[in-house]
Amino acid sequence: MTDGPGIDRRRWLQSALATVGGLALSACDRISQSDRVNSTLDYAEGWTKDVQRLLLGRNALAPEYSVSEISATFRANGTTNPDTEEYNRLAQANFADWRLVVGGLVEKPLELSLEELRRVAFRTQITRHDCVEGWSCIAKWRGARLSTVLQQAKLKPGARYVAFYCADTLELTLDGSGQYYETIDLIDAMHPQTLLAYDMNDRPLTVRHGAPLRLRVERQLGYKMAKYVMRIEAIESFRDIARGKGGYWEDRGYEWYAGI
């Protein structure tokens with residue numbers, strides 16, 4: 001496939017903002033303890049987001065690839081098995097009893113089984129996963145459009161973000177729970193490529209890759225792609241969740257907006 005002008009702009013933007021991204025993703029412990037540095041990074045991060053959306057547009061698509069370009073092996077990022085009593089019970093039953101809970105600032109709370117999610121308007125796309133650690137893989141994803149799920153739940157006027165709560169729990173410092181969570185704003189939530197993915201490369205997700213459901217928000221780095229999604233909430237702000245930075249890794253010094 002031939003790269004078009006949109007991809008050239010994306011590459012230029014990624015290169016131009018590399019210094020900002022590198023600053024936010026290095027020395028996480030030191031950064032997270034410095035209010036002055038955090039204030040500077042918050043400003044730079046907002047600038048990064050605004051510039052990217054100005055140059056690429058709110059609905060610009062991430063590059064998509066051909067079947068022949070799918071990676072032979074897709075490296076698993078982050079947790080590879082939540083290994084909790086509840087999760088193991090669900091996995092042993094092939095997630096037949098699993099339900100995605102959709103709540104928060106919505107008029108119509110939902111509880112959706114995997115079978116019901118498969119009946120929601122879906123999209124299939126072959127995209128590249130770019131990890132903050134420096135590696136990339138290409139895979140084919142199929143999943144329910146997040147926008148459709150949110151439309152079914154009927155967002156209330158105060159909703160500004162969507163929070164994803166996951167089954168995996170990491171180290172217990174900082175917020176006292178260690179539960180993995182992530183947030184995105186409504187622009188990314190309503191983007192046509194933002195999926196609640198249940199299939200990878202034409203097969204149901206494995207535990208290693210986030211079964212039964214993972215987020216795909218293709219215009220951001222891999223740590224935004226929350227795995228093992230159990231619950232979604234529409235929220236006005238993420239300031240009162242954990243340390244208030246908008247995600248598990250963001251609470252530990254990473255950027256909230258990880259655009260590429």
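This tour moves through the structure one selection at a time and states what is found at each stop.

The structure is a predicted model, in which local features need pLDDT of at least 70, side-chain atom pairs count only at pLDDT 80 or more, and totals for chains, interfaces and linings use all residues. Residues are numbered from 1 along each chain as its sequence is written, and side-chain values use heavy atoms, with hydrogens and water left out.

**The sheet**

Begin with the open, mixed sheet, whose 5 strands run in the order E2-E1-E10-E5-E6. Helices (H or I, at least four residues) and strands (E, at least two) are DSSP runs numbered from the N terminus, and two strands pair if DSSP finds at least two bridges between them. Strand E2 (110-112) and strand E6 (179-185) are the edges; each has a single partner strand, so one side of each lacks a neighbour in the sheet. On average, neighbouring strands are turned by 20° against each other, direction ignored. Axes here are lines fitted to C-alpha atoms, for helices over the stretch in contact, and angles run from 0 to 180 degrees between N-to-C directions.

Next, select residues 161-169 and 229-235: these are strands E5 and E10, paired in the antiparallel sense over 6 bridges. Tyrosine 161 stands opposite isoleucine 235 in E10.

**Helix H7**

Now select residues 146-153, helix H7, which lies across strand E1 (100-104), E2, E5, E6 and E10 and runs at about 135° to E2. The helix is largely enclosed by the rest of the structure, because 6 of its 8 residues are buried. Buried means under 20% relative accessible area, exposed over 50%, and partly exposed in between (1.4 Å probe, protein chains only). Among the buried residues of H7 are Leu146, Val149 and Ala153. Lysine 154, which follows H7, has a positive phi near 60°.

**The nonpolar cores**

A nonpolar core is a set of buried Ala, Val, Leu, Ile, Met, Phe, Trp, Tyr and Cys residues joined through side-chain atoms within 4.5 Å. The largest has 53 residues, and Trp98, Leu100, Val149 and Phe164 have the most contacts inside it. A second, separate core of 8 residues includes Tyr181, Phe238, Ile241 and Tyr257.

**Methionine 200**

Move to strand E7 (residues 195-200), where methionine 200 lies. This residue is buried, with a relative accessible area of 12%. Its contacts (heavy atoms within 4.5 Å), leaving aside neighbours within four places in sequence, are Phe74, Ala139, Lys140, Trp141, Leu205 and His209.

**Salt bridges**

The whole structure holds 10 salt bridges, each a side-chain nitrogen of Lys or Arg within 4 Å of a carboxyl oxygen of Asp or Glu. Select glutamate 64 and arginine 123, whose side chains meet at 2.5 Å, N to O. Glutamate 64 is partly exposed at 24% relative accessibility, whereas arginine 123 is buried at 16%.

Then select lysine 224 and glutamate 182, a salt bridge with its closest N and O atoms 2.7 Å apart. These partners are 42 residues apart, with lysine 224 in the loop between strand E9 (214-216) and E10, and glutamate 182 in strand E6. Lysine 224 is buried, with a relative accessible area of 0%, and glutamate 182 is likewise buried at 0%.

**Cysteines**

Finish at cysteine 131. A disulfide is a pair of cysteine sulfur atoms within 2.5 Å, and the count comes to 0 disulfides. The nearest cysteine sulfur to that of cysteine 131 belongs to cysteine 137, 9.1 Å away.
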